[in-house]
Amino acid sequence: MQRRRKIIILGATGSIGLNAIEVVREHPDSFEIVAIAALKSKDLCDRLSAEFGAKAYVGEDAAVRAVEE
């Protein structure tokens, strides 16, 4: 059985981030989102966090905080 890869989505609310999230939705046995980071769009970030059980980071230093933790 293949092990799920744990990933962090940086820029989760932008077009590339949302496309990456769609790939995870299509392959839930392959990937596990453990954190998402966004510059803005706190509401969307919170919804994605709840959907995937991931920790959410929002703000100018969101990406750095997500990777550090």
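## Terms and basis

A residue is called buried under 20% relative accessible area, exposed over 50%, and partly exposed in between, with a 1.4 Å probe and protein chains only. The model is predicted: local features need pLDDT of at least 70, side-chain atom pairs count only at pLDDT 80 or more, and totals for chains, interfaces and linings use all residues. Residues are numbered from 1 along each chain as its sequence is written, and side-chain values use heavy atoms, with hydrogens and water left out.

Helices (H or I, at least four residues) and strands (E, at least two) are DSSP runs, numbered from the N terminus.

## Strand pairing and crossovers

Two strands are taken to pair if DSSP finds at least two bridges between them. By this criterion, strand 1 and strand 2 are paired in the parallel sense over six bridges. Within this pairing, I9 stands opposite I36 in strand 2. Strand 2 also pairs with strand 3 in the parallel sense, over four bridges, and here A38 stands opposite V58 in strand 3.

A crossover is right-handed if, with the strands pointing away from the viewer, the path from the first strand over the helix to the second runs clockwise. Strand 1, helix 1 and strand 2 make one right-handed unit of this kind; strand 2, helix 2 and strand 3 make another right-handed β-α-β unit.

## Loop residues

G11 is placed in the loop between strand 1 and helix 1. It counts as partly exposed because its relative accessibility is 39%. The C-alpha atoms of G11 and A38 are separated by 4.7 Å, although the two residues are 27 residues apart along the chain. With contact defined as heavy atoms within 4.5 Å, G11 is in contact with G17 and A37, leaving aside its neighbours within four places in sequence.

S30 is found in the loop between helix 1 (15-26) and strand 2, and S30 counts as buried because its relative accessibility is 18%. Not counting residues up to four places away in sequence, S30 touches Q2, R3, R4 and R5. S41 lies in the loop between strand 2 (31-38) and helix 2 (42-52). Most residues other than glycine have a negative phi. S41 is partly exposed, with a relative accessible area of 38%.

## Nonpolar surface patch

I8, L10, V34 and V67 make a nonpolar surface patch of about 300 Å². Patches are made of residues with over 30% relative accessible area and no salt bridge; like charges are joined within 9 Å, and nonpolar side chains (Val, Leu, Ile, Met, Phe, Trp, Tyr) within 5 Å. Accessible areas come from the Shrake-Rupley method with a 1.4 Å probe, and for residues only the protein chains shown count as cover. L10 belongs to strand 1 (residues 5-10) and is partly exposed, with a relative accessible area of 44%.

## Salt bridges

A salt bridge is a side-chain nitrogen of Lys or Arg within 4 Å of a carboxyl oxygen of Asp or Glu. How many salt bridges does a search of the whole structure find? The search finds five.

One of them joins D46 to K42, with the closest N and O atoms 2.8 Å apart. Both residues lie in helix 2, four residues apart, or about one turn of the helix. D46 is partly exposed at a relative accessible area of 33%, and K42 is partly exposed at 48%. The side chains of E69 and K55 also meet in a salt bridge, at 2.9 Å from N to O. E69 lies in the segment after helix 3 (62-68) and K55 in strand 3 (residues 55-58), so the pair ties together parts that are 14 residues apart in sequence. E69 counts as exposed at 62% relative accessibility, whereas K55 counts as partly exposed at 46%.

The side chains of D61 and R65 form a further salt bridge, at 3.1 Å from N to O. D61 is partly exposed, with a relative accessible area of 40%, and R65 counts as partly exposed at 27% relative accessibility. Salt bridges that share partners join E22, R25 and E51 into one network.
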